[in-house]
Amino acid sequence: MADDDFWNESQVKKSAKKFSFDDRETTWGSGGESTSLQMCGISLDGTAQLFQQVQAGLKQGESESSSVSDSKRSNQLELHQLISEKSLNILMEADSPQFINLKSDLDPAEELRILRRRYEEMWVSPDAKKTVRKMMLKEPFILELFRSLKDKKKLLQEAIDLGDGDTILTVVIFLSRTLKKTYFNQILLEMPVAATHYVAYLSTRMKVSELTDLLEMLGKNKDASMKQFEIACQNSQRQMQRLVTCSKNHLFEGRDSQILEHYIKFLEWQAEAKIGEESVVDCLFTLCELHWGEAKPPLSPLLFTQLQGVCDKQYQWTAITALAKRQAWQDIQTFLMAKSWLRGPKLRVTLPLDHIVVALHSSGAPEDTLYTFLQLIDNVDKRLVLARQVACDKAIIQASMNLRDKQSLPSLRS
């Protein structure tokens, strides 16, 4: 029976102490001795010491950082770069004994007086600094008690001084709901930090009209136009309509205006040609490969190039690579060369000839095609080097004969 009692009896029940909120002032070790109260694994007696150490570390951050190696400095951030000093002070003070309300036995009359005082405080304009502190610590707070414009501006300034982004944004949203638009805009003009947080909030929430009005009010007309362009590009179904509206209602200067105009024309062309490539160059490559020689829109490569403002070099290189993929060597010769009655064939492209020869060789061009273009290189030494690079025997022999290099001919024959 003793064995049964041993196995059935719980040692936890014998050693456990009943939990009570009234016992928060002391805890008990395994031997029954009294120890100090702990928070987050740190005794309350040591919290103040830790707070002083962190403050000292913040003040010495700049001086000590000079002795740290460059590798550590690139991988690690100082504490003051992660959180502002004021925010850290509040977090550390929140764990110190002076801010912890330890429960004690109160008589009903005293408890009633405390509740009545707290109720009366709810209808009095609170201290801005204390309210901001509560907001950061996620403690209960009431912003509606800040009724006057002066009190609201002071509340926002305290939030900015604290440096906590969530707190700043919460106050800004509160002001946007409780102030006339003229007063609210004036505050944002006076406090750029608050304006930056509110712009990011409206952008994240996709509140396009409010964001555009705010940016224009702040004098950032170009940012407003680019934001409209960005949002218009995100909706594929109404993209064309929004881009046209964007180009009419917002100011785009110089190069930006030209890019927007070409992009709208590109979308219109895609709808007509039914070619869904993402970029202008990809569409041009498809046209050169599948519709070379087409003279009518929308499938004419030349007309598409003119419509989109593609430069000559880009058009020529895209056409060469597309035709080489199709093994259309005769089309390439016709495209690149112009006949001259007096001086024979003449190259009519602005691309470097050696690049063209190497590209054709990489695509598997026959020797006759390579020889035709190699003969257009005036410098015989350069022609010989390039002919050896692409293994064009006919051009090598011709260049060697022009240079009167008889020694290289027997080796070439062997």
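Buried means under 20% relative accessible area, exposed means over 50%, and partly exposed lies in between, with a 1.4 Å probe and protein chains only. This is a predicted model, where local features need pLDDT of at least 70, side-chain atom pairs count only at pLDDT 80 or more, and totals for chains, interfaces and linings use all residues. Residues are numbered from 1 along each chain as its sequence is written, and side-chain values use heavy atoms, with hydrogens and water left out.

1. Start with K274. Its phi is near 60°, a positive value in a residue other than glycine. Most residues other than glycine have a negative phi. K274 sits in the loop between helix 17 (255-273) and helix 18. Helices here are DSSP runs (H or I, at least four residues), numbered from the N terminus. K274 counts as exposed because its relative accessibility is 75%.

2. Q327 also deserves a look. Phi of Q327 is near 60°, again positive in a residue other than glycine. Q327 belongs to the loop between helix 20 (312-325) and helix 21 (329-336). With a relative accessible area of 42%, Q327 is partly exposed.

3. Next, a peptide bond. P297 and P298 are joined by a cis peptide bond, with omega about 5°. Most peptide bonds are trans. P298 is found in the loop between helix 18 (280-290) and helix 19 (301-308).

4. Now Q308, in helix 19. Q308 counts as buried, since its relative accessibility is 7%. Leaving aside residues up to four places away in sequence, Q308 touches H262, K265, F266 and V280. Contact means heavy atoms within 4.5 Å.

5. Last, a helix pair. Two packed helices are described by the angle between their axes and the distance between the axes. Helix 12 (residues 181-190) and helix 14 (residues 208-217) pack at about 60°, with axes 11 Å apart. That angle makes helix 12 oblique to helix 14. Axes are lines fitted to C-alpha atoms, for helices over the stretch in contact, and angles run from 0 to 180 degrees between N-to-C directions. Angles under 35 degrees count as roughly parallel, over 145 as roughly antiparallel, 65 to 115 as roughly perpendicular, and the rest as oblique.

6. Helix 12 passes helix 14 in a right-handed crossing (the near helix is turned clockwise from the far one by less than a right angle). K181, N185, L188 and L189 of helix 12 meet D213, L214 and M217 of helix 14. By class, this contact has four nonpolar, one polar and two charged residues. Ala, Val, Leu, Ile, Met, Phe, Trp, Tyr, Cys and Pro count as nonpolar, Asp, Glu, Lys and Arg as charged, and the others, Gly among them, as polar.

Key: Helix = DSSP H or I, 4+ residues; strand = E, 2+ residues; numbered from the N terminus.
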